[in-house]
Amino acid sequence: MNTPETAAAVRCIGLVGGMSWESSALYYRLLNQAVQRELGGLHNAVSIMATLDFQLLADAAGRGDWKQVEVQIGGAARQLEQGGADFMLLTANTAHQVFDALPKYTRLPALHIGVPVARALKEAGHARVGIIGTRHVTESSFYADWMSQHAGIQVVPPEAGDRQWLDDVIFSELARGAVRAQSRGRLLAVLDRMQRAGLDAVIVACTELPLLLAADGPAPALPCLDTVALHVAMAVDIALGRAQIACGEGPA
């Protein structure tokens, strides 16, 4: 077990939450569980969360007003810096569309969710993968472009109908805490089609979809990389001093 001095040196994790509150709760639980496993006793992650109103963010994104999304997330990031966080995470994949704008609002280092995902894909030898998430993730190029530029990995979205259905189930069910067996079955069918298209694995680029995949039932047809779990694991490494990041970059 780590010494009290080591535990006292744990870095404070800043979380931009409320995207949705379900995903914020998931991040909070996983971070605390991971640090408790590492340090033992009654230890937990040291963290600060700035929680946004998801409805306002969803409305802005829906009308294509990404500047407003940027302003809200940037304001929350500034709050985390003022509150004493050492580094921060955006607790949603879609929010990373404005990741590159964060230095306009804060000097706080931020861990891009793509960094641990790319590392895991490369370690497993995957070069052509699928992606599931909101329509902003699957139909915009920001995620696929980041993976191509930083890791040389080709990211292929689902079929158009599947993209629409995924968006619907995320916002109308999962973001409201509803996890339904029927929806899980349809998600597995989406993954089956992606396997038949010759993809190696699937990036689960949504903080709510892991709730559906974790429910009881048959295993998915393809390896599913949970971006939340990977993001949390690397954040814990940083918090415990096993990795370092600079503003807007991945761990050194």
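Me: Which residues in helix 2 are buried?
Reply: Glu22, Ser23, Ser24, Leu26, Tyr27, Leu31, Asn32, Ala34, Val35 and Leu39 are the buried residues of helix 2. Buried denotes under 20% relative accessible area, exposed over 50%, and partly exposed in between, with a 1.4 Å probe and protein chains only. Helices (H or I, at least four residues) and strands (E, at least two) are DSSP runs, numbered from the N terminus.

Me: What kind of model is this?
Reply: This is a predicted model, in which local features need pLDDT of at least 70 and side-chain atom pairs count only at pLDDT 80 or more, while totals for chains, interfaces and linings use all residues. Residues are numbered from 1 along each chain as its sequence is written, and side-chain values use heavy atoms, with hydrogens and water left out.

Me: What span should helix 2 have?
Reply: Helix 2 covers residues 21-39, and at 1.5 Å a residue its 19 residues should span 27 Å; the end C-alpha atoms are 27 Å apart, which agrees. The expected span is 1.5 Å times one less than the number of residues.

Me: Which residue caps the N-terminal end of helix 2, and what comes just after the helix?
Reply: Ser20 is the N-terminal cap, with a side-chain oxygen 3.2 Å from the backbone nitrogen of Glu22. Just after helix 2, Gly40 has a positive phi of about 75 degrees.

Me: Turning to the sheet, what is the strand order?
Reply: The sheet is open, with 3 strands in the order 2-1-3 and parallel pairing. Strands pair if DSSP finds at least two bridges between them. Strand 2 (47-51) and strand 3 (87-90) are at the edges with a single partner strand each, so one side of each has no neighbour in the sheet.

Me: How many bridges join strand 1 to strand 2?
Reply: Strand 1 (residues 13-17) is joined to strand 2 by 5 bridges, and the two run parallel. Leu15 has Met49 in strand 2 as its bridge partner.

Me: Is strand 1 covered on one face or on both faces?
Reply: Both faces are covered: Ile13, Leu15 and Gly17 are buried on one side, and Gly14 and Val16 on the other.

Me: At what angle do helix 3 and helix 4 pack?
Reply: Helix 3 (residues 54-62) and helix 4 (residues 66-83) pack at about 150 degrees, and their axes are 7 Å apart. Axes are lines fitted to C-alpha atoms, for helices over the stretch in contact, and angles run from 0 to 180 degrees between N-to-C directions. Helix 3 and helix 4 are therefore roughly antiparallel; that term applies over 145 degrees, whereas under 35 counts as roughly parallel, 65 to 115 as roughly perpendicular and the rest as oblique.

Me: Is Thr134 buried or exposed?
Reply: Thr134 counts as buried, at 6% relative accessibility. Thr134 sits in the loop between strand 4 (128-132) and helix 6 (135-139).

Me: What does the side chain of Thr134 make a polar contact with?
Reply: The partner is the side chain of Thr94, at 2.9 Å. A polar contact is a pair of N or O atoms within 3.5 Å; within protein, one must be able to donate a hydrogen and the other to accept it, and residues adjacent in sequence count only if both atoms are side-chain atoms.

Me: And what is Pro116 in contact with?
Reply: Leaving aside neighbours within four places in sequence, Pro116 is in contact (heavy atoms within 4.5 Å) with Leu230, His231 and Met234. Pro116 belongs to helix 5 (residues 114-124).
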